[in-house]
Amino acid sequence: MLNSSSKEESLICSLAKIVGADYVKADNDFTTAHSKNTLPRQQLAKVIVRPLNKKEIAKIFVLAKKNNAKVWCFSGGNNWGYGSKNALEKDAIVLLLDRMNKIIEVNTELAYAVIEPGVTQQQLNDHLTKLKTNLWIDCTDSTPKGSLLGNAVERGIGYTPYGDHFGNVCGMEVVLPNGEILHQDEAKKSKTFHTHKWAHGPFLDGLFSQSNMGIVTKIGIWLMPKPKHTQLFILDLKNKKVLPKVIDVLRTLSLQKIVQGHPHMVNDFQMLTVIATNEDLSASARQGNIEESVLKELYRKYRIAPWAMVGSIYAESREEMGFRKKQLKKSFRDFGKLSFFDAKKVRTIGKFVTNYERSGPGSYKRRFLSWLKPLFTDKPIASIALLPEMFNVVRGVPTWKIIKSAYFKNKSPGTGFSDPAADNCGIIWLAPTFPTTGEHAMQLLRMFQDGYEKYRFNFCGCITKLNDRTSFFLSGIFFDKNNKEEAARAMALHSALVKTIYDNGYPPYRSGLMSWGLEEHRQTVRFELLKILKKALDPSECYAPDRYGISYGKR
């Protein structure tokens, strides 16, 4: 990045003058810790900088250009499986925007909030609860510490009708690599900056989503008014053969607006990684695949269906809710077991699980509760313990529970904050899109199953509704980072699958740094245009070159 140690020292001193010495860290231990990710490779940052506002970011850009340095930026860096806080190149200046964590405004009348990059899912949810607003965020099932802005500009997906996160962004502030500040609506006194998404003239916000054209420092995000009635539904498919029919039915229900949100459909192995104990996912099994015979026994033990759909329905009256439930029952009756959970039922289950877990093994209370459990569920405690968490997620309340999946080949996470990157977990995510038909779904899944079998990994993934006509398959490649041979196989599988999805017309809805250097990410006319725009906005190519494959230099 720089030519000499004296230049490096000068750069670091200059950065300290911009943001304060406490917020510039260049010592090896610190940069190593913050460069950890869940991928088979990592790049060590030269310096970690935590700016406080857009003006400091603009000054950092100017300084970086003078020093021929490269800048990469992360809101929180909790996008595990895609890259965490890693740049594509070593010795980059890595900006972390966690100090920019102001909730600038909550407009309860028009149902939106204005936030900075460091605002987390948990933070905004707690703030709305404290204000008693009756407004919900939409959250992912990843981590409460995830950045709302960061996930939105990566076009992340949640569960509720507001689950298209970038689709519900309105009004952005961006620092361009030349140091200028951009608003989509340059009339700064506009009364509709956070209510009219398209503003006037060409729409520019999309240039700063999944790109390297500038750093988004503020967004307006629409919030969901709390409905009077919410129900979580779970469909356990009776076998894998009915999956294409279920996908076709879900498309119809979505187009009819019977199902308003974004259901997730999890395969048996993915569910196992979330609910199974460390004893069942034994150390010997984590050294490679879990054999099919062992998996079948575990699926029986935990009563895991071949696929399970988790979704939600909302209504303003009991009659409307009754209608939606009736339509789901009618539509899914031939495909498996459909269960509904309202707030009252979830509270009852939550209390039961708490009492069960607090009772001692072999105690009278435990025996009594074990006798009582079959009266309302045939699922094991590990499964029903997720119900309160999932019910909260479909109401915008984030959870830690699903992160356990990333620890499949590692020690189990604790009960508090879990960080798969810091804990040396190995996982790569790949998320190809497909038109929501059973035929397309099965074609895509067959290709993935063949790849997983060839490279000797357990097939793992989740089908999620992207919109009424499109879904994506979130595929997890779990590997042991301490096993070089297995890590190499994980990389090879990922590369093979990236080529497969592009060759067959199923591009990803988002991607990480493992994909950006692959030739499949460079499309023809579209990427030529992006290169022209990149050169105009960032002539020295100082900001995140080759992110999402966008670069005009020789790399």
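Asp-378 is partly exposed, with a relative accessible area of 34%, the class between buried (under 20%) and exposed (over 50%), computed with a 1.4 Å probe on protein chains only. The model is predicted, so that local features need pLDDT of at least 70 and side-chain atom pairs count only at pLDDT 80 or more, whereas totals for chains, interfaces and linings use all residues. Residues are numbered from 1 along each chain as its sequence is written, and side-chain values use heavy atoms, with hydrogens and water left out.

The side chain of Asp-378 forms a salt bridge with that of Lys-337, at 3.7 Å from N to O; a salt bridge is defined as a side-chain nitrogen of Lys or Arg within 4 Å of a carboxyl oxygen of Asp or Glu. Helices (H or I, at least four residues) and strands (E, at least two) are DSSP runs numbered from the N terminus. Lys-337 is also partly exposed, at 46% relative accessibility. The loop between α11 and α12 contains Thr-377 as well, which is buried at 15% relative accessibility. The side chain of Thr-377 reaches the backbone nitrogen of Lys-379 at 3.0 Å.

In the whole structure, 24 salt bridges are found. One of them joins the side chains of Lys-257 and Asp-468 at 2.4 Å, N to O. Because Lys-257 lies in the loop between α6 (243-255) and β13 (264-267) and Asp-468 in the loop between β18 (461-465) and β19 (470-479), the pair ties together parts that are 211 residues apart in sequence. Lys-257 is partly exposed, with a relative accessible area of 46%, whereas Asp-468 is buried at 14%.

A further salt bridge is formed by the side chains of Arg-456 and Glu-485, at 3.1 Å from N to O. Arg-456 is placed in the loop between α14 (438-454) and β18, and Glu-485 in helix α15 (residues 484-503), so parts that are 29 residues apart in sequence are tied together by the pair. Both residues are partly exposed, Arg-456 with a relative accessible area of 45% and Glu-485 with one of 40%. Through salt bridges that share partners, Lys-409, Arg-456, Glu-485, Glu-486 and Arg-489 are joined into one network.

Five strands form an open sheet with antiparallel pairing, in the order β5-β6-β10-β8-β9; two strands pair if DSSP finds at least two bridges between them. Strands β5 (103-107) and β9 (181-183) stand at the edges with a single partner strand each, so one side of each is left without a neighbour in the sheet. From one strand to the next, the twist averages 15°. The antiparallel pairing of β5 with β6 (residues 112-115) extends over four bridges, and Tyr-112 in β6 is the bridge partner of Asn-107.

Two helices lie across strands of this sheet. Helix α3 (residues 54-66) lies across β8 (169-175), β9 and β10 (215-222) and runs at about 45° to β8. Helix α4 (residues 121-131) lies across β5 and β6, running at about 45° to β5. For these angles, axes are lines fitted to C-alpha atoms, for helices over the stretch in contact, and angles run from 0 to 180 degrees between N-to-C directions, contact meaning heavy atoms within 4.5 Å.

Key
Polar contact = N/O pair within 3.5 Å; in protein donor to acceptor, adjacent residues only side chain to side chain.
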